[in-house]
Amino acid sequence: MIEKVRVKSVLNRHRKRDEWFLDDYSVNPYYGCSFGCVYCYVRGSRYGKGGRVQIKVNSPELLEKQLRRRAYREEYGVIAVGTSTEPYMSLEDEVRLTRKILGIIARYRFPVHILTKSTLVLRDADLIAQIDCRAVLPDDLEGRIDRGAFVTFSISVMDERMVRVVEPNAPLPEERLRAVTELAESEIFAGIAFIPVLPFISDSPEKLDWMIWKAKESGAKFCFAGALTLYGNNPDDCRQTYFRFIRKYHPDLLPEYLKMYGRSYQPSASYRKLLDRTAREMCMKHGIRYRIL
Ligand code: SF4
């Protein structure tokens, strides 16, 4: 049975635009996610709902009200769809809530950034193309980008056997890359976020080089890479689920992980800088934009 909840608000305004994803607002039509990624930072949070999926049934009517008001005041900004949960779980095929949300975003002419791991986004290519053409950019982005819609697929690891363990219910990365190709053929601006890359598993220069080359081959217009963060001490928190994965599938890496995450939720600043620099260099090498702006 599908769990339905009513919410008080669905459009979140951010204090500051995210410099990677460019979003000023975010919308998440669901709570929880069925893809079950072992590194998912939302799982143990109040948005994760202990692995259950809930539909925010009144999100279209709320968004309609909230965007009407924002559009009237000309408070245009990029709306990220799918910041805290996957907007294209298989359930969406039937419920079509994300599609309704995109329809409203299109009507009020806000730019959009869709974050997904799912090929189901292809179903909404018509709406995304419409948003891309008609969106009103916020003043400070005018002249800096000429697109009104962005689609970012996230990929952490390409090896199929490993993917089945770390992202058990998500479409395979090869399928995501094919979806990028299809979107590119429809002239939709799509790219890949290698977030999170997994330390000692998918973060070597050789692996990044290969993954970015694959992205370029698929027609991706941009890439970026980000480090793994591990939070929380409850059994559902990603720090715990991820360490269970390491103990079971990569016990040899445990000492390295303890060194890296023993005292912090993220790797050292020097690791993050190196990752950023390596990904940037690989993007230059393959002639693909690093980040959107
Ligand atoms: S797809 Fe995203 S929201 Fe869903 S489990 Fe994976 S990381 Fe979490």
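Where does the ligand sit? In the largest pocket. For us, sitting there means that more than half of the molecule's atoms lie within 2 Å of the pocket's grid points.

Ground rules. This is a predicted model, where local features need pLDDT of at least 70, side-chain atom pairs count only at pLDDT 80 or more, and totals for chains, interfaces and linings use all residues. Residues are numbered from 1 along each chain as its sequence is written, and side-chain values use heavy atoms, without hydrogens and water.

Now the pocket. On a 1 Å grid over the protein atoms alone, a pocket is an open set of points with protein on both sides within 12 Å along at least five of seven lines, and a lining residue has an atom within 4 Å of a point. Here 47 residues line the largest pocket. Nearest its centre are Phe21, Tyr41, Thr83, Ile195 and Pro196.

Two of those names come back. Ile195 and Pro196 are joined by a cis peptide bond, omega about -10°.

Next, the ligand's surroundings. Near means a heavy atom within 4 Å. The residues around the ligand are Cys33, Phe35, Gly36, Cys37, Cys40, Thr85, Glu86 and Lys117.

Phe200 is not a glycine, yet its phi is positive, near 65°. Phe200 is partly exposed, at 37% relative accessible area. Arg291 also has a positive phi, about 70°, without being a glycine. Arg291 counts as buried, at 15% relative accessibility. The cut-offs: buried is under 20% relative accessible area, exposed over 50%, partly exposed in between, with a 1.4 Å probe and protein chains only.

Definitions and conventions. 1 Å grid on protein atoms, 1.4 Å probe; cavity = no way out; pocket = protein on both sides within 12 Å on 5 of 7 lines; lining within 4 Å.
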